[in-house]
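User: I'd like to learn how to read strands, helices and loops in a model. Could you walk me through this one?

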Amino acid sequence: MIYRKDNYYDKIKNLTIDNFMVVSDFDRTITTSTSHTTWGVLSNAGILPDQYDFERNSLYNYYRPIELNDTLDDSVKMVAMADWHQKHVDLLKKYRFNQRHIDQIFSIPDVMSFRPGAKEFFEYLDKEKIEVNILSAGVGDFIITFLENNNCLYDNLKIRSNYLNFDRHGVIIGLKGDILHSLNKSSYAIKKNDKKYVVLIGDQLSDVMMVSGYYVDNVIKIAFLPHDNVNQLESFRDVFDMVLTDDESFSVIVNDLKQVIGS
Ligand SMILES: [Mg+2]
């Protein structure tokens, strides 16, 4: 289903080829809601011992409901999300994840699944030289490898995310910098620049924090509602200008953009 707010077209009709940028989440936005996330690609990959899967799944089963629970206080969720990421990084350290594992993961067919139309979306934005910022609480190294393998690592793309830090033997020693998680994206938000408008795309309510300094009316907010989160449809429809369900394709967005700025 596609739900557009009444004023959706009034908002996008202001866009011209050089007056906006795209700010997008990565996991479950650029990929489908049933795809492995960048933090999840190592599950059942047979690269780390089974005990890793067990411990990683226990973390997921404990923390994912907290991430989705919008009755919890944000401050409580913030701490939980940071703990989740930290514990996962600790697991990778415990099982001596190393740089060579990255190629092994991404040689597995369909280890992550592009949302339909996502490649064409990147192609279109590159062709039109539209700035794209990905702001992801996932793993930047994996995003880059995935996009590179799919010939989508275009020059117009900037990726702000968690990057893994390796020692001189290529073994993980932690993250470079502080943890970026789904609820502290506002601290890493893309600041207002010479672009007057933003097309923001995400799959969580907290993704609206990915930009700062913009008038509400100048941010066109689009969401792909994940399968495991359909009970938040009403909240999504309140917050986002367009909500796409059932793993809808990026072609909806591309077509809307083409209508206003041409092909
Ligand atoms: Mg996401």
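User: In which sense do E2 and strand E7 (residues 197–202) pair, and over how many bridges?

Analyst: Strands of a sheet pair through backbone hydrogen bonds, either parallel or antiparallel. Here E2 and E7 pair in the parallel sense over five bridges. For instance, the bridge partner of valine 23 in E7 is leucine 200. Before we go on, please note that this is a predicted model: local features need pLDDT of at least 70, side-chain atom pairs count only at pLDDT 80 or more, and totals for chains, interfaces and linings use all residues. Residues are numbered from 1 along each chain as its sequence is written. Helices (H or I, at least four residues) and strands (E, at least two) are DSSP runs, numbered from the N terminus, and two strands pair if DSSP finds at least two bridges between them.

User: How many bridges join strand E2 (residues 20–24) to E3?

Analyst: Three bridges do so, and E2 and E3 run parallel. Serine 24 has isoleucine 134 of E3 as its bridge partner, while valine 22 stands opposite valine 132 in E3.

User: In what order do the eight strands of the open sheet follow one another?

Analyst: The order is E1-E10-E9-E7-E2-E3-E4-E5, with mixed pairing. Strand E1 (2–4) and strand E5 (172–176) are at the edges with a single partner strand each, so one side of each lacks a neighbour in the sheet. On average, neighbouring strands of this sheet are turned by 20° against each other, direction ignored.

User: Which residues of E2 are buried on one side and which on the other?

Analyst: In a regular strand the side chains alternate between the two faces of the sheet. In E2, Phe20, Val22 and Ser24 lie on one side and Met21 and Val23 on the other, and all are buried. A residue is buried if 20 or more other C-beta atoms lie within 10 Å of its own, exposed if 12 or fewer, and partly exposed in between, with C-beta atoms placed from the backbone. Five of the five residues of E2 are buried, so E2 is largely enclosed by the rest of the structure.

User: Now the helices: at what angle do the axes of helix H5 (residues 118–127) and helix H8 (residues 251–261) cross?

Analyst: Two packed helices are described by the angle between their axes and the distance between the axes. The axes of H5 and H8 cross at roughly 30° and come within 9 Å. H5 is therefore roughly parallel to H8. Axes are lines fitted to C-alpha atoms, for helices over the stretch in contact, and angles run from 0 to 180 degrees between N-to-C directions; angles under 35 degrees count as roughly parallel, over 145 as roughly antiparallel, 65 to 115 as roughly perpendicular and the rest as oblique.

User: Which residues of H5 and H8 meet?

Analyst: Glu120, Phe121 and Tyr124 in H5 meet Ser251, Ile253 and Val254 in H8 (contact: C-beta atoms, placed from the backbone, within 7 Å).

User: What about the loops: is lysine 129 buried or exposed?

Analyst: Lysine 129 is found in the loop between H5 and E3. It counts as exposed because it has 11 C-beta neighbours inside 10 Å. Its phi is positive, about 55°, although lysine 129 is not a glycine.

User: And where is asparagine 151 found?

Analyst: Asparagine 151 is in the loop between H6 and E4. Its phi is also positive, near 55°, and with 10 C-beta neighbours inside 10 Å, asparagine 151 counts as exposed.

Conventions: Contact = placed C-beta atoms within 7 Å.
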